[in-house]
Amino acid sequence: MSNDRLDKLKAFYEEDPEDPFTRFALAQEHLKHDNPDEALAFFEELVETDPDYVGTYYHLGKLYERLGRTDDALDVYERGIEVAREQKAQKDLSELQDAKLKAEGIGFD
């Protein structure tokens with residue numbers, strides 16, 4: 001069933017490759033299928049083309065951490081924190097700040 005979801009998301013993407021929600025969902029689905037390179041490409045493109053799509057920063061940062069790219073993760077968290085502040089998105093801001101602290105080794109579990 002999970003492949004069906006990936007196939008449907010790919011079809012949505014083909015219809016509207018600019019839709020940020022579809023690209024975000026595709027990235028998440030690729031992670032579920034253990035395709036981190038595919039997920040990374042979608043997340044990185046999304047923060048470049050739709051920098052106000054604040055949810056991307058957390059997930060891209062976590063993927064960078066998973067790939068051992070801590071400096072990139074910290075940079076992405078910081079950029080996401082700025083976007084969340086601008087949008088007054090308190091929940092996203094809190095999650096990004098917590099993720100950044102943990103990546104720096106000073107967060108709470």
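## Ground rules

The model is predicted, so local features need pLDDT of at least 70 and side-chain atom pairs count only at pLDDT 80 or more, while totals for chains, interfaces and linings use all residues. Residues are numbered from 1 along each chain as its sequence is written, and side-chain values use heavy atoms, with hydrogens and water left out.

Let's start with helix 5, which covers residues 70-87. (Helices are DSSP runs of H or I with at least four residues, numbered from the N terminus.) Helix 5 has 18 residues and spans 25 Å from its first C-alpha to its last, close to the 26 Å expected at 1.5 Å a residue. That expected span is 1.5 Å times one less than the number of residues.

Which residues of helix 5 are buried? They are A73, L74, V76, Y77, G80, I81, V83 and A84. (Buried means under 20% relative accessible area, exposed over 50%, and partly exposed in between, using a 1.4 Å probe and protein chains only.) These buried residues pack against helix 4 (55-66) and helix 6 (90-103).

## A look at V76

V76 sits in helix 5, and its relative accessible area of 3% makes it buried. Setting aside neighbours within four places in sequence, V76 is in contact (heavy atoms within 4.5 Å) with Y57, L60, G61 and Y64. As for E15, it is 61 residues from V76 along the chain, and their C-alpha atoms are separated by 29 Å.

## Helix 2 meets helix 4

Two packed helices are described by the angle between their axes and the distance between the axes. The axes of helix 2 (residues 20-32) and helix 4 come within 11 Å and cross at roughly 25 degrees. (Axes are lines fitted to C-alpha atoms, for helices over the stretch in contact, and angles run from 0 to 180 degrees between N-to-C directions.) Helix 2 and helix 4 are therefore roughly parallel, a label for angles under 35 degrees, with over 145 being roughly antiparallel, 65 to 115 roughly perpendicular and the rest oblique.

Who touches whom? F24, Q28 and L31 in helix 2 meet G55, T56, H59, L63 and R66 in helix 4.

## Two loop residues with positive phi

D34 lies in the loop between helix 2 and helix 3 (36-49). Its phi is near 55 degrees, a positive value in a residue other than glycine. D34 counts as exposed, at 54% relative accessibility.

K88 is in the loop between helix 5 and helix 6. K88 isn't a glycine, yet it has a positive phi of about 55 degrees. Buried or exposed? K88 is exposed, with a relative accessible area of 66%.
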